Amino acid sequence: MNARLMILSAFAALPMLASGAAFTPAELDKAVASLPKANVMGGFAVHSKQFCGSCHGPNGIAPTANWPHVAGQPFEVTAKALLDYRDGRRTGGAQAAIMTAAAKRLTDQQIADVSALYEMLPGPDGKTFDVGKKDRTPVEGVDVARLVRKGDPARAITPCAACHGMTGKGRSNGKVPVLHGQNPTYLAAQLRDYRDGRRDNDVLKEMRFFAQKLTDDEINALADFYAGETGWPGVKPARPAAKAAAK
């Protein structure tokens, strides 16, 4: 049986959960600190036996645009995502059914192990990302570099770099996702889910507050901007028709 069908079949047997309250910062710190000591070799076993590679790729680089690259993500980012899915904090979005079923089969040890593995694996690229460089065709009328660097004070939009860093690779504390090189279709979908209320597992509502005032063009521009020019399979523009017309 196809791995994805197996996961969906398992999910069908689970009771539906209402979205649980998002972690507070203190709760998240405690939950991550409570995880067992990670074993990277155990992470390889989880990645293989739980069919993670069928969506996220054999090396954590997703082969299709609708799934995120997980390679290179900080330990806490992956651990939080899996805990959120397993414990009912993240139930909205296109991938929630599959991920909830997968995460519910994981023990704390397995979550720690696979989180350590993905942190160790090389991410979608190894380059420093210059937010001032026009790597991709911009959406007309959107100053995406300004959104990244300065946000939009008039609309109370904070700059992306305030949390995700000027390079899009997060900060040294390992608490925020790496955005540079991420699949733009997936990233755009997450921003829309935050904006439109389908996703509510962000700590202190930070992403919901940021995304609620973004336009569709701004979301697409940010997603394409962070995707960069990595050349990896699965990295496709969020707006293929618009990009084709621009050439």
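Visitor: Is Glu76 buried or exposed in this structure?
Guide: This is a predicted model, and the answer rests on the relative accessible area computed from it. A residue counts as buried when that area is under 20%. Glu76 has a relative accessible area of 12%, so Glu76 is buried.

Visitor: Which residue forms a salt bridge with Glu76?
Guide: Side chains of opposite charge can pair when their charged atoms come close. For Glu76, the closest N and O atoms of the pair are 3.5 Å apart, and a salt bridge needs them within 4 Å. The partner is Lys175.

Visitor: How many residues apart in sequence are the parts that Glu76 and Lys175 tie together?
Guide: Glu76 lies in helix H5, while Lys175 is in the loop between H9 and H10. Lys175 counts as partly exposed, at 39% relative accessibility. The pair therefore ties together parts separated in sequence by 99 residues.

Visitor: How do the axes of H2 and H5 lie to each other?
Guide: Two packed helices are described by the angle between their axes and the distance between the axes. The axes of helix H2 (residues 25-33) and helix H5 (residues 75-86) come within 10 Å and cross at roughly 100 degrees. Angles of 65 to 115 degrees count as roughly perpendicular. H2 and H5 are therefore roughly perpendicular.

Visitor: Which residues of H5 meet H2, and how do the residues of this contact divide?
Guide: On the H2 side, the contact is made by Leu28, Asp29, Ala31 and Val32. They meet Phe75, Glu76, Lys80 and Leu83 in H5. The residues of this contact divide into five nonpolar, no polar and three charged.

Visitor: Where does UniProt place the feature "binding site", and what is the largest C-alpha distance there?
Guide: The unreviewed UniProt entry places this feature at Cys52, Cys55, His56 and Met99. These residues are spread over 48 residues of sequence, yet they cluster in space. Their largest C-alpha distance is 11.4 Å.

Visitor: Is Cys52 buried or exposed?
Guide: Cys52 sits in the loop between helix H3 (40-49) and helix H4 (53-56). Leaving aside residues up to four places away in sequence, Cys52 touches Val46, His47, Gly57 and Tyr118. Its relative accessibility is 17%, so Cys52 counts as buried.

Visitor: Which residue of the "binding site" list does His56 touch, not counting residues up to four places away in sequence?
Guide: His56 has its place in helix H4, and His56 is buried, with a relative accessible area of 8%. Not counting residues up to four places away in sequence, His56 touches Ile61, Ala62, Pro63, Trp67, Pro68, Val70 and Met99. UniProt's feature includes one of these, namely Met99.

Visitor: How many residues apart are Asp216 and Arg195, whose side chains meet in a salt bridge?
Guide: The N to O distance in this salt bridge is 2.9 Å. The pair links distant parts of the chain, with Asp216 in helix H12 (residues 216-227) and Arg195 in helix H10. Both count as partly exposed, Asp216 at 42% relative accessibility and Arg195 at 22%.

Visitor: What is the relative accessible area of Asp202, which forms a salt bridge with Arg208?
Guide: The closest N and O atoms of Asp202 and Arg208 are 2.6 Å apart. Arg208 counts as partly exposed at 21% relative accessibility. Asp202 is buried, and its relative accessible area is 5%.

Conventions. Residues are numbered from 1 along each chain as its sequence is written. This is a predicted model: local features need pLDDT of at least 70, side-chain atom pairs count only at pLDDT 80 or more; totals for chains, interfaces and linings use all residues. Side-chain values use heavy atoms; hydrogens and water are left out. UniProt positions are given in the numbering used here, feature names are shortened, and annotations may be inferred rather than shown by experiment. Helices (H or I, at least four residues) and strands (E, at least two) are DSSP runs, numbered from the N terminus. Buried means under 20% relative accessible area, exposed over 50%, partly exposed in between (1.4 Å probe, protein chains only). Contact means heavy atoms within 4.5 Å. Axes are lines fitted to C-alpha atoms, for helices over the stretch in contact, and angles run from 0 to 180 degrees between N-to-C directions. Angles under 35 degrees count as roughly parallel, over 145 as roughly antiparallel, 65 to 115 as roughly perpendicular and the rest as oblique. Ala, Val, Leu, Ile, Met, Phe, Trp, Tyr, Cys and Pro count as nonpolar, Asp, Glu, Lys and Arg as charged, and the others, Gly among them, as polar.
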